[in-house]
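I opened this entry to note what I looked up, item by item. Sequence and structure come first, then my notes.

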Amino acid sequence: MVPTFKKAVGVALGSWNPLQFAVQQEAGGKESAAIAEWMVGIIEQYFYDNEDLEPEEVADYLATIMDQELNTLVDDESDVEIGKCLCHLYQLCVAGNDAQVMDELSKMPKCDLSLCRIQEQPDVENEDNAPLLVAAHMSGLQLNEGDKLSANTCNGQTPKELTDLERQHLEDEKDGWTVIRKGNKRQ
């Protein structure tokens, strides 16, 4: 065990907006803060139990925990960024570069929950209204460069057929999951 690494994991997860937002919103129930604390130890142990972890593996592990424990789907690729950060910090800790780790931790950006928001979802109790509600929801989405929604959605026309991923996101949101997507902050 590397003592500095536990602190590094704690600081990294403490600066991760999706995790802190899920805690603030009690996405995992009243135990959300305890789950976030538990994650520090479980992530630390994950590194000790697995050699040569890749950032994507760490990201998948984080996403699984967020999904299973906090009912939150991370869809903004920040899990990959945290995975890269944790792999880098672990390598520094193992090499005995504690001073460099502490320096990097002091420069790590703080969590900014003002960048997070909950998107209200229409009530889809009546399945006959579901296509209309989906169309209304899709026309209100903010498109960012790289999004794969049709341009017709922006100008109020009926959206084209949804992709499997878009359909899954809508289903997840309907089921009460919190989906965090990459996008620009709306003012």
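Is Phe47 buried or exposed? I looked it up: Phe47 is buried, at a relative accessible area of 3%. I keep in mind that this is a predicted model.

**Fold**

I went through the elements next. I found eight helices and two strands in the protein. Read from the N terminus, the order is α-α-α-α-β-α-α-α-α-β. I also checked burial over the whole protein. Of its 187 residues, 36% are buried.

**Aromatic rings**

I describe a pair of aromatic rings by the distance of the centres and the angle of the planes. The structure has six aromatic pairs. I looked at Phe5 and Phe47 among them. Their ring centres are 5.0 Å apart and their planes stand at 70°, so I note the pair as edge-to-face; planes over 60 degrees apart count as such. Phe5 belongs to helix 1 (residues 3-14) and Phe47 to helix 3 (residues 32-49), so this pair ties together parts 42 residues apart in sequence. I checked Phe5 for burial as well. Phe5 has a relative accessible area of 0% and is buried.

Then I took Tyr46 and Tyr61. The ring centres of Tyr46 and Tyr61 are 3.9 Å apart with the planes at 5°, so this pair is stacked. Tyr46 is in helix 3 and Tyr61 in helix 4, so the pair ties together parts that are 15 residues apart in sequence. I compared the accessibility of the two rings' residues. Tyr46 counts as buried at 16% relative accessibility, whereas Tyr61, at 24%, counts as partly exposed. The cut-off for buried is under 20%.

I also noted a cluster. Phe5, Phe47, Tyr48 and Tyr90 make up one aromatic cluster.

**Salt bridges**

How many salt bridges does the count come to? I get two salt bridges.

I took Glu81 and Lys84 to begin with. Glu81 forms a salt bridge with Lys84, with the closest N and O atoms 3.7 Å apart. The two residues are three apart in helix 5, which separates Glu81 and Lys84 by about one helical turn. I list Glu81 as partly exposed at 47% relative accessibility and Lys84 as partly exposed at 40%.

Next I took Lys107 and Asp103. Their closest N and O atoms are 3.1 Å apart in the salt bridge. Lys107 and Asp103 are four residues apart in helix 6 (residues 98-107), again about one helical turn. Lys107 is exposed, with a relative accessible area of 61%. Asp103 is partly exposed at 36%.

**Negative patch**

I looked for charge on the surface. Glu51, Asp52, Glu54, Glu56, Glu57 and Asp60 gather there in a patch of negative charge. I followed up one of them, Glu57. Glu57 sits in helix 4 (residues 55-70). At 37% relative accessibility, Glu57 counts as partly exposed.

**Positive phi**

Most residues other than glycine have a negative phi. I wrote down two that go the other way. Asn71 has a positive phi, near 50°. I place Asn71 in the loop between helix 4 and strand 1 (72-75). Asn71 is partly exposed, with a relative accessible area of 30%.

Glu77 is not a glycine either, and its phi is positive at about 65°. I find Glu77 in the loop between strand 1 and helix 5 (78-94). Glu77 counts as exposed at 53% relative accessibility.

Conventions
Residues are numbered from 1 along each chain as its sequence is written. This is a predicted model: local features need pLDDT of at least 70, side-chain atom pairs count only at pLDDT 80 or more; totals for chains, interfaces and linings use all residues. Side-chain values use heavy atoms; hydrogens and water are left out. Patches are made of residues with over 30% relative accessible area and no salt bridge: like charges are joined within 9 Å, nonpolar side chains (Val, Leu, Ile, Met, Phe, Trp, Tyr) within 5 Å. Accessible areas come from the Shrake-Rupley method with a 1.4 Å probe; for residues, only the protein chains shown count as cover. A salt bridge is a side-chain nitrogen of Lys or Arg within 4 Å of a carboxyl oxygen of Asp or Glu. Lys and Arg count as positive and Asp and Glu as negative; His and the chain ends are not counted. The place of a charge is taken as NZ of Lys, CZ of Arg, CG of Asp or CD of Glu. Buried means under 20% relative accessible area, exposed over 50%, partly exposed in between (1.4 Å probe, protein chains only). Rings of Phe, Tyr and Trp (its six-membered ring) pair if their centres lie within 6.5 Å; planes under 30 degrees apart count as stacked, over 60 as edge-to-face and the rest as tilted.
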